[in-house]
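I opened my notebook to go through this structure piece by piece. Here is what I looked up, in the order I looked.

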Amino acid sequence: MAYNAVAERTASNRIKLIHENVKKIRASEQMGVKYMQLWEEKALIREEGRSEGRSEGRNEGIKVGKAEMLVNSVEAAMKNFGIDLQRACEGIGTTVEEYHRAKEGKCEMP
């Protein structure tokens, strides 16, 4: 059943008043233009937000990937060459502190 028919048959004056106002707004070209402009603006804002979120997610993923790579490289050097943590870190150009931060997931990798 169409909303028009329901609204016209209702006993509620409030519903009838709301329905009349909705019909006037829908018939107004100026209101239609404003509605479309608002809709387009919201769509642009949503897309900008999605794009920003994807970018932040990629950047965060890259940082996590770099931290994991640092940890894996240090640990592989220690295992494969039988060296201690300090020497392994020096060998790959990092510090023991950076290794520990990366291992804990707190490393801010560039």
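Entry 1: I am working with a predicted model. I began with the largest nonpolar core, which has ten residues: A67, L70, V71, V74, A77, A88, C89, V96, Y99 and A102. Helix 3, helix 4 (85-92) and helix 5 (96-104) each give at least two residues to this core. Helix 3 has the largest share, with five residues. As a reminder to myself, nonpolar side chains tend to be buried together in soluble globular proteins.

**Entry 2: K103 and its partner.** I followed K103 next and found a salt bridge to E75, with the closest N and O atoms 2.6 Å apart. This pair links distant parts of the chain, since K103 is in helix 5 and E75 is in helix 3, 28 residues apart. Is K103 buried, exposed or partly exposed? K103 is partly exposed because its relative accessible area is 48%, and E75 is also partly exposed, at 27%.

**Entry 3: the other salt bridges.** I counted four salt bridges. E20 pairs with K23, their closest N and O atoms being 3.2 Å apart. Both of these residues lie in helix 2 (residues 13-27), three residues apart, or about one turn of the helix. E20 is partly exposed at 35% relative accessibility, and K23 is partly exposed at 34%. I also noted E47 and R54, whose side chains meet in a salt bridge at 3.1 Å, N to O. E47 is partly exposed, with 38% relative accessibility, and so is R54, with 42%. Salt bridges with shared partners join E47, R50 and R54 into one network.

**Entry 4: a surface patch.** I then turned to the surface, where Y35, M36 and W39 form a nonpolar patch with about 360 Å² of accessible area together. W39 sits in helix 3 (residues 29-81). W39 counts as partly exposed because its relative accessible area is 46%.

**Entry 5: the whole chain.** Last, I stepped back and found five helices and zero strands. Why do I call the protein more spread out than a compact globule? Its radius of gyration is 31 Å, well over the 13 Å that the globule rule gives for 110 residues. The C-alpha trace spans about 85 × 30 × 20 Å along its principal axes. Buried residues are 14% of the 110. The accessible surface is about 9,100 Å², and carbon and sulfur atoms account for 55% of that surface.

Note on methods:
Residues numbered from 1 in each chain as written. Predicted model: local features only at pLDDT ≥ 70, side-chain atom pairs only at ≥ 80, totals over all residues. Heavy atoms only, no water. Patch = residues over 30% accessible without salt bridge, like charges linked within 9 Å, V, L, I, M, F, W, Y side chains within 5 Å. Areas by Shrake-Rupley, 256 points an atom, 1.4 Å probe, with all protein chains shown as cover. Helix = DSSP H or I, 4+ residues; strand = E, 2+ residues; numbered from the N terminus. Buried < 20%, exposed > 50% of the residue type's maximum accessible area, 1.4 Å probe, protein only. Rg over C-alpha atoms; globule rule 2.2 N^0.38 Å. Core = buried A, V, L, I, M, F, W, Y, C linked by side-chain atoms within 4.5 Å.
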